[in-house]
Structures are given as C-alpha cells and as structure tokens.
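Visitor: I'm new here and would like a look around. Could you show me the structure and then take my questions?

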Amino acid sequence: MTTNTPSNSQDALLSICLFAAFSDGEKCEDEREEIRRLAGEIGSPNLATLSRQILMRKLSLESVAASLTNQDDRLLAYEMALGICEAGGSVSPEEQEFLASLRGHLGLSAEESRVVENEVASVAMVPVVTSNPAQAAPENAGMVLKYAIVNGALELLPETLATMAIVPLQMKMVFRIAKSHGVELGASNIKEFLATAGLGLGSQMVEGFARKLMRGVGKKLGGKLAGRAADQITGSAFSFASTYAIGHVAEKYYSAGGRLDASGLKSLYTSLQGQAGDLHRKYLPEIQERAKTLDRSTILSMIGGSKSV
C-alpha cells in the first residue's frame with residue numbers, strides 16, 4: 001500500500017510534473033533517463049527521490065493531489081502537467097487518461113479545467129507552420145541566434161507560460177530552417193527530429209518548471225510562480241544552449257540532405273550545446289534586455305507567427 005505523501009507543496013508540484021513526464025508509456029524509458037540527468041544537473045535531491053518513489057509506486061497521484069490544499073496550487077499543477085503532456089503538440093491516449101485522472105484527484109470543475117486548457121492550448125497547440133518567409137541558408141545562423149536569445153530570455157520570466165513557449169518556438173525554428181532547404185515538415189516530423197538529436201521535449205519542460213518551483217515556490221505573480229534571480233541564469237543558459245545547438249544541428253542536417261544518422265545528430269547536438277555555454281555568457285546582457293520586452297501578448301504573437309522573433 002502506498003503511504004508516502006509529499007512533505008510540502010513544492011514537492012507535490014514537482015511530483016505531478018514527474019507523473020506527467022512518465023504518463024506516456026512509449027517514452028517512459030527515455031524520460032526516466034532524462035529525469036536522472038536533470039536531477040543531477042539541477043542539484044535537487046528531491047527530484048531524484050520523488051522520481052524513484054513514483055517509479056517504485058511508493059507515491060500515488062491521488063496522495064500527491066490530495067496534499068495540494070491551495071486552489072492556486074491545484075490549478076498550477078494541472079497547468080504544468082498539461083504543458084508537459086502537450087509538449088510537441090500532441091497528447092497520447094495514455095496522457096489523456098492521466099490528465100483525466102489528475103483533474104478528478106485535484107477536484108477541478110469543468111469550467112476551471114477549461115480555462116487552464118485554453119491557456120495552455122494558446123501556446124502548445126498552435127500549428128507549427130509559420131507565415132514568416134523562409135530565409136536563405138546563409139542567414140540561418142543569425143536566425144538561430146535570435147531564437148536562442150529569445151528562449152534564454154523566456155527562462156528569466158516567472159510565468160509558466162514563458163516556459164511552455166520555448167518548445168513551440170524551437171519547433172518553428174526547425175521548420176523555417178528545413179523550409180529554407182526545400183523541405184516541408186509537419187509537427188510530427190519536427191518532434192521526431194528533435195528527439196533523435198537528443199532534445200527531450202517533455203523533459204525540457206519538466207526542467208523549466210522544476211527550476212521555477214525550486215527558486216520561488218509560494219511567491220506568485222499573476223497566479224504563477226515568481227522566482228529569485230539566483231537560479232534564473234542557469235535555466236536561461238540551458239534554454240539558450242539547447243535552442244542554439246538544435247538550430248545548428250538542423251542547419252547541418254537539412255543542408256546535407258538529411259544524411260546524418262542518429263548517432264551523428266546526437267554527437268553534434270551535445271558538442272554544440274557545450275559550446276553554447278560560453279556564448280550565453282557573452283550574450284547575457286542582450287538576453288536580459290530582451291526579457292524586458294516580453295509579455296503575454298508578445299509571446300503569443302511570436303508563437304502564432306504574426307510577430308518576428
């Protein structure tokens with residue numbers, strides 16, 4: 001019988017993020033590996049412990065949800081879980097079942113759930129096709145840097161909406177790069193490419209939410225978590241580096257006619273991600289200035305394609 005219960009709301013919210021990441025059975029093994037890596041990189045013993053308890057069935061979704069007594073936390077839990085499940089623009093039957101169960105355990109009404117779902121859908125479910133004209137290959141390096149700076153800036157913002165926006169923008173970037181080389185991609189193609197290169201969409205979302213929870217639980221801004229500056233730079237560096245690396249991998253892959261194999265893609269992505277760390281330090285002042293220009297309207301416009309990155 002499961003008897004463990006999270007000791008605080010931070011652990012409960014982290015647990016629900018993990019349940020969401022593990023809810024798609026097909027990707028469970030990949031997600032487990034990513035969570036192990038994240039636990040080490042973020043430096044959270046709780047993340048690793050909670051992950052083990054969930055996988056060993058010593059922690060149940062029902063007990064975790066019951067420990068969230070604050071309505072704002074319940075809504076936030078559903079919002080983050082939905083964002084993780086919808087990373088990449090689709091929700092599997094297993095994830096749909098998980099979300100339905102979570103809604104029940106959280107005691108959310110149909111109207112409360114609908115409000116959250118509409119907000120998340122405004123970011124996660126926007127079609128990946130962009131109305132922006134395709135850029136010529138020589139200009140793609142500059143475009144990749146712009147996307148990296150914007151995604152680094154998004155991680156400096158406290159709202160969960162900002163973290164959810166990173167994956168759709170990465171997907172639009174890959175779409176534009178491929179199109180510049182005469183390749184038309186759908187959302188499923190892009191998601192497969194990102195996963196092959198080693199960028200886990202769900203686990204990337206978990207990392208962003210985990211960092212926000214660890215640095216500011218209980219402090220709210222507009223119903224969302226407001227974080228301290230100390231750990232924001234680390235999250236910004238990761239989002240900048242992952243976006244920069246995947247952009248340059250996409251450029252190399254599609255300019256070469258898709259001839260890199262999975263091993264080559266992952267190796268190149270890892271190498272470029274490491275190099276991007278120094279670039280983040282160089283561009284940090286620009287990233288911080290960019291963050292000051294981002295609000296909900298601007299973020300949604302960039303995702304929808306009506307506003308340039």
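Visitor: What does the secondary structure of the chain come to?

Guide: Helices here are DSSP runs of H or I with at least four residues, strands are runs of E with at least two, and both are numbered from the N terminus. On that basis, the secondary structure comes to 14 helices and two strands.

Visitor: What should I know about the model and its numbering?

Guide: This is a predicted model, where local features need pLDDT of at least 70 and side-chain atom pairs count only at pLDDT 80 or more, while totals for chains, interfaces and linings use all residues. Side-chain values use heavy atoms, with hydrogens and water left out, and residues are numbered along each chain as its sequence is written, from 1.

Visitor: What share of the residues in the chain is buried?

Guide: Buried means under 20% relative accessible area, exposed means over 50%, and partly exposed is in between, using a 1.4 Å probe and protein chains only. Of the 309 residues in the chain, the buried share is 51%.

Visitor: And what share of the contacts with a separation of 6 or more comes from residues 24 or more positions apart?

Guide: A contact means heavy atoms within 4.5 Å. Among contacts with a separation of 6 or more, residues 24 or more positions apart account for 80%.

Visitor: How do H1 and H5 run, roughly parallel or roughly antiparallel?

Guide: Axes are lines fitted to C-alpha atoms, for helices over the stretch in contact, and angles between N-to-C directions run from 0 to 180 degrees. Under 35 degrees counts as roughly parallel, over 145 as roughly antiparallel, 65 to 115 as roughly perpendicular, and the rest as oblique. The axes of H1 and helix H5 (residues 71-85) come within 8 Å and cross at roughly 25 degrees. That makes the two helices roughly parallel.

Visitor: How many nonpolar residues are in the contact of H1 with H5?

Guide: Ala, Val, Leu, Ile, Met, Phe, Trp, Tyr, Cys and Pro count as nonpolar, Asp, Glu, Lys and Arg as charged, and the others, Gly among them, as polar. The H1 side includes Leu13 and Ile16, and the H5 side includes Asp73 and Met80. By class there is one charged residue and one polar, and the nonpolar count is eleven.

Visitor: Which residues of H6 does H1 meet?

Guide: Helix H1 (residues 9-22) and helix H6 (residues 93-106) have axes that come within 10 Å and cross at roughly 155 degrees, so H1 is roughly antiparallel to H6. Their contact has no polar and no charged residues, but six nonpolar ones. From H1 come Ile16, Phe19 and Ala20, and they meet Phe98, Leu102 and Leu106.

Visitor: How far apart in space are Ala210 and Leu13?

Guide: Ala210 is found in helix H11 (residues 201-216), and it is buried, with a relative accessible area of 0%. In sequence Ala210 and Leu13 are 197 residues apart, yet C-alpha to C-alpha the distance is 8.7 Å.

Visitor: At what angle do H12 and H13 cross?

Guide: Helix H12 (residues 232-255) is oblique to helix H13 (residues 262-291). Their contact divides into 19 nonpolar, six polar and one charged residue. The axes come within 6 Å, and the crossing angle is roughly 130 degrees.

Visitor: Which residues form one aromatic cluster?

Guide: Rings of Phe, Tyr and Trp (its six-membered ring) pair if their centres lie within 6.5 Å; planes under 30 degrees apart count as stacked, over 60 as edge-to-face, and the rest as tilted. Phe193 and Tyr253 make a tilted pair, 5.3 Å centre to centre with 45 degrees between the planes. Phe193 and Tyr254 make a tilted pair too, at 5.4 Å and 40 degrees. The cluster is Phe193, Tyr253 and Tyr254.

Visitor: How many residues apart in sequence are the parts that the pair of Phe193 and Tyr253 ties together?

Guide: Phe193 is buried at 5% relative accessible area, and Tyr253 is buried at 18%. Phe193 lies in helix H10 (residues 187-197) and Tyr253 in helix H12, so the separation of the parts they tie together is 60 residues.

Visitor: Which residue has a positive phi although it is not a glycine?

Guide: Most residues other than glycine have a negative phi. The exception here sits in the loop between helix H3 (45-55) and helix H4 (61-66), and it is exposed, with a relative accessible area of 69%. With a phi of about 60 degrees, the residue is Arg57.
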